Amino acid sequence: MASMDSSEPTRRDFMYLATGAFGAVGVAAVAWPFIDQMNPDAAALALATTEVDVSSMAPGQSITVSWRGKPVFIRYRTEKEITEAKDVPLGDLKDPIARNENLPSDAPATDANRAAEGKEPWLVMVGICTHLGCVPIGEAGEYDGWFCPCHGSSYDTAGRIRKGPAPENLLVPTYAFTADTVIRIG
Amino acid sequence: MSGHSTYQPQGKLAKWIDSRLPILTLMNAQAIDFPTPRNLNYFWTFGAILMMMLVVQIITGIVLAMHYTANTELAFASVEKIMRDVNFGWLLRYMHANGASMFFIAVYIHIFRGLYYGSYKAPREILWMLGVVIFLLMMATAFMGYVLPWGQMSFWGATVITNLFSAIPLVGESIVQWLWGGFSVANPTLNRFFALHYLLPFMIVGVVILHIWALHVPGNNNPTGVSVKSGQDTVPFHPYITVKDMFAMVVFLLFFGWFLFYIPNYMGHADNYIPADPLVTPAHIVPEWYFLPFYAILRAVPSKLGGVIAMFGAIAILFFLPWLDTSKVRSGAFRPLFRQFFWVFAIVCVFLGWLGAQPAEGIYVVLARIAMAYYFAYFIIILPVLGLVERTKPLPASITESVLGKKSGGGAQPAGSTAAPQDKG
Amino acid sequence: MLVTRKKPMIVRLSLALAAGLAGALMMGAGTPATAAGGEAPHIPREDWSFSGPFGSYDPGQLQRGFKVYQQVCAACHSLEFVAIRTLASPSGPYFSDAAVKVIASEYTVEDGPDDSGEMFEREARPSDHFPAPFPNQQAARAANGGAYPPDLSLIAKARAAHAGFPTFVFDALTQYQEAGPDYLHALLTHYEEPPEDVTLAPGMYYNTAFLSGNQIAMPPPLSDGLVEYSDGAPETVDQYSRDVSAFLMWAAEPKLEARKQTGMRVMLFLLVFAGLLYFTKRKIWSNVEH
């Protein structure tokens with residue numbers, strides 16, 4: 001009995017290896033629930049839509065609504081702002097992609113691709129600077145669009161990044177006009 | 001018994017660290033080479049099992065605290081959110097709730113092992129007393145944790161237990177109001193219980209470190225109670241004890257899993273799934289099972305103050321146990337009379353637990369008084385007297401001798417047939 | 001899983017011997033005790049699809065049970081912790097997403113405040129929870145002769161008949177966790193005419209299964225043919241109460257299937273791991289007598 005382990009080293013080593021490997025797999029499997037619990041829970045995932053009635057808005061007005069805890073800018077643009085945005089050549093843009101979740105991911109950042117489909121004056125965007133997450137100030141900055149006070153990013157009247165450290169245009173979330181003056185975000 | 005480790009750190013980095021902070025030498029002496037009696041049975045694995053449960057409770061607890069809200073308006077709903085919406089929330093909460101019961105099952109086995117084998121006797125008195133402190137901290141932690149879901153049993157358990165302090169003459173009422181932060185158990189109470197429930201486990205960790213420190217001075221007791229005499233009596237902690245502890249832990253996890261996955265509400269009270277209502281007391285208030293023996297003692301005494309004193313006394317007396325037991329022989333294995341009284345004591349404790357779940361009336365109160373009388377008599381009369389009058393069986397000369405004798409049914413076995421595992425390389 | 005009920009006495013006794021000491025030690029004789037003082041009602045144990053280690057909910061039954069809840073119970077009882085979206089759960093009633101949207105749209109919930117600061121009512125969405133029939137407990141009491149119809153989200157875990165020794169030991173061994181639905185089924189099917197020596201308080205009904213005495217303020221809610229089933233299940237009080245009890249068990253324990261399935265994997269893993277460790281331990285200790 002006493003000499004068994006020395007006479008069969010391979011069998012013994014296999015035993016130790018198998019046990020150790022099994023334990024390691026177990027520890028790894030146990031870790032997952034403790035990590036996954038920090039992900040958004042079922043209620044957060046389900047609470048994904050916000051409806052907004054914009055019937056009382058006039059051209060030149062903006063409102064900010066909350067969607068998934070984030071600010072969403074809804075702007076009823078003036079003719080001047082639309083023209084300004086349309087006159088920008090695509091080549092002048094820092095980020096040439098539309099960043100519109102209602103469109104394919106490679107759609108170009110034309111004004112039509114940024115504004116609501118068939119409702120040119122309406123702009124719906126997540127009001128979070130694509131640099132480091134601050135909320136930009138409306139009708140401000142060099143391009144009359146939005147200006148982020150944190151690090152000086154300037155967006156134009158279609159919410160496209162024109163100057164400053166932000167890398168991307170303001171994100172256009174999934175949304176739709178469910179009626180002529182009702183927007184459902186998400 | 002700090003071990004005669006000849007450990008030298010290998011490698012440059014290890015040497016560099018160890019010469020500045022000798023943690024590698026310490027770990028090696030205390031957790032690798034540490035000489036441990038070779039004859040420990042599986043009751044000695046519960047220390048490791050308790051360490052595991054403490055870790056399980058702390059980790060699941062921290063994670064649950066990320067989702068729990070300690071506010072009387074929101075607490076119950078936040079627990080339901082954990083159960084329904086949080087990813088794996090049901091697993092984490094059931095782990096924590098059943099883990100508390102598993103922790104107590106393990107600690108009771110651990111305590112009774114110590115009682116049977118005389119692990120509280122010299123030179124391990126402080127080790128034992130630190131264990132009693134851990135037990136008290138565990139009870140406080142478990143009690144406050146049970147309040148957090150803010151169900152009916154949470155609320156009324158908190159009310160009844162905090163009211164125990166009102167039995168103290170003169171200052172009782174003031175103390176209870178101080179505990180509550182108001183005139184009843186309410187939001188301030190829940191908030192402070194949450195804060196303390198989060199704090200106390202870390203205090204337990206601290207006392208556990210002292211407990212292990214105190215253990216590693218004289219080393220483990222063993223089933224014979226005979227002290228280690230030579231290196232032949234021991235095996236190094238690793239791999240002998242580590243693999244045995246691991247095996248026991250996994251078996252214990254199987255037992256845990258049975259409750260956790262298949263009967264997760266078995267240990268709990270149905271009433272705690274009803275949100276707390278300060279205006280209606282449930283028909284039958286019962287504490288969690290691990291408090292039941294003490295609850296039975298509380299109710300066995302007809303006076304309010306007397307009951308509280310008896311209940312706390314039942315735990316406090318454990319602190320004096322090392323000096324109440326007058327026998328020079330540690331292990332119950334060599335004390336035939338003690339053994340009988342011990343088993344009666346164990347049955348009485350379980351019986352008290354059962355009585356604690358019965359209504360406090362009629363025959364149950366009488367039985368509880370008899371059981372309580374035995375509980376205290378065991379410590380105050382039986383153990384002191386037994387040590388003076390009992391004729392103990394002859395002790396083996398050493399641990400090694402006892403192991404060798406066992407294998408051949410008491411006959412002689414050539415001593416040379418055993419390897420001396422302590423002989424290192 | 002209800003072996004203990006059906007086995008002859010001698011088997012029960014031998015089982016008790018085997019498990020009695022260990023069981024009693026482990027449980028410390030603690031057990032949920034919710035029965036009011038006095039004689040506890042006898043609650044028969046039913047067969048449920050979700051009992052035992054492999055148990056799972058029967059979506060058809062839960063859909064029927066939901067219908068009973070919706071058409072009968074919901075008039076007085078809230079279901080506040082249950083989100084409508086969870087009706088689509090594959091380990092639950094498994095309604096289609098479209099069906100859940102339709103169910104949600106049948107409810108009205110309060111939302112707001114709107115831009116003028118007013119609360120307003122709108123159609124419920126799947127992400128909403130079931131709206132309560134009464135705005136608060138006082139209103140519920142006022143509408144129900146002083147009795148409060150309890151919320152039903154957790155009722156299947158919040159009610160249990162007292163199981164004394166040694167039943168509670170067997171319950172641990174046989175994994176009995178269906179005390180709630182057993183009780184609900186018994187309660188709904190045990191309305192009787194009061195015996196002659198019992199005088200009912202005004203507005204009370206006689207029920208031999210009710211845990212807090214035999215007088216209950218809830219009128220018998222079910223009658224044969226009350227709810228129309230489209231799947232051919234019998235439209236009887238027994239079937240209704242069975243279905244609604246199963247539905248309420250799901251409402252109280254929506255993660256039951258995930259729990260039992262995870263459990264099986266974990267237990268198998270631990271068994272193999274324990275075996276490996278046992279042999280490793282034997283190998284390591286093979287040269288030490290102990």
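Predicted model: local features only at pLDDT ≥ 70, side-chain atom pairs only at ≥ 80, totals over all residues.
Chains are lettered from A and ligands numbered from 1 in the order written, and residues are numbered from 1 along each chain. Local features need pLDDT of at least 70, side-chain atom pairs count only at pLDDT 80 or more, and totals for chains, interfaces and linings use all residues; side-chain values use heavy atoms, leaving out hydrogens and water.

**View 1. The interface of chain B and chain A.** Chain B gives 13 residues to the contact, and chain A gives eleven residues. Contact here means heavy atoms within 4.5 Å. About 1000 Å² is buried between the two chains, with 66% of this area from carbon and sulfur atoms. B:Asp85, B:Asn87 and B:Phe88 supply 46% of what chain B buries against chain A, more than any other three residues. Buried area is the accessible area (1.4 Å probe) that two parts lose on being put together, summed over both.

View 2. The rule finds one salt bridge here. A:Asp41 and B:Lys81 form a salt bridge through their side chains, at 3.0 Å from N to O. The term covers a side-chain nitrogen of Lys or Arg within 4 Å of a carboxyl oxygen of Asp or Glu. Six residue pairs are in polar contact across the interface, both residues at pLDDT 80 or more. A polar contact is a pair of N or O atoms within 3.5 Å; within protein, one must be able to donate a hydrogen and the other to accept it, and residues adjacent in sequence count only if both atoms are side-chain atoms. On the side of chain B that touches chain A, the elements giving two or more residues are α3 (46-65) and α5 (89-117) of chain B. Helices (H or I, at least four residues) and strands (E, at least two) are DSSP runs, numbered from the N terminus.

**View 3. The disulfide of chain A.** The count over all chains is one disulfide. A:Cys134 is joined to A:Cys150, with S to S 2.0 Å. The rule asks for a pair of cysteine sulfur atoms within 2.5 Å. The S-S torsion is about -95°, so the disulfide is left-handed. A:Cys134 sits in the loop between β4 (122-126) and β5 (137-138), and A:Cys150 in the loop between β6 (146-147) and β7 (154-155), 16 residues apart. A:Cys150 is partly exposed, at 38% relative accessibility. Buried means under 20% relative accessible area, exposed over 50%, and partly exposed in between (1.4 Å probe, protein chains only).

View 4. A:Cys148 is in no disulfide. A:Cys129 is buried at 3% relative accessibility. A:Cys148 is buried at 2%.

**View 5. Cis peptide bonds in chains B and C.** From B:Ala122 to B:Pro123 the peptide bond is cis, with omega near 5°. B:Pro123 lies in the loop between α5 and α6 (125-147) of chain B. The bond from C:Phe165 to C:Pro166 is cis, with omega near 0°. C:Pro166 is placed in the loop between α6 (155-158) and α7 (167-173) of chain C.

**View 6. Positive phi at B:Leu170 and C:Gln175.** B:Leu170 is not a glycine, yet its phi is about 65°. This residue lies in the loop between α7 (152-163) and α8 (172-180) of chain B. B:Leu170 is exposed, at 89% relative accessibility. C:Gln175 has phi near 55°. C:Gln175 is in the loop between α7 and α8 (179-189) of chain C, and is buried at 5% relative accessibility.
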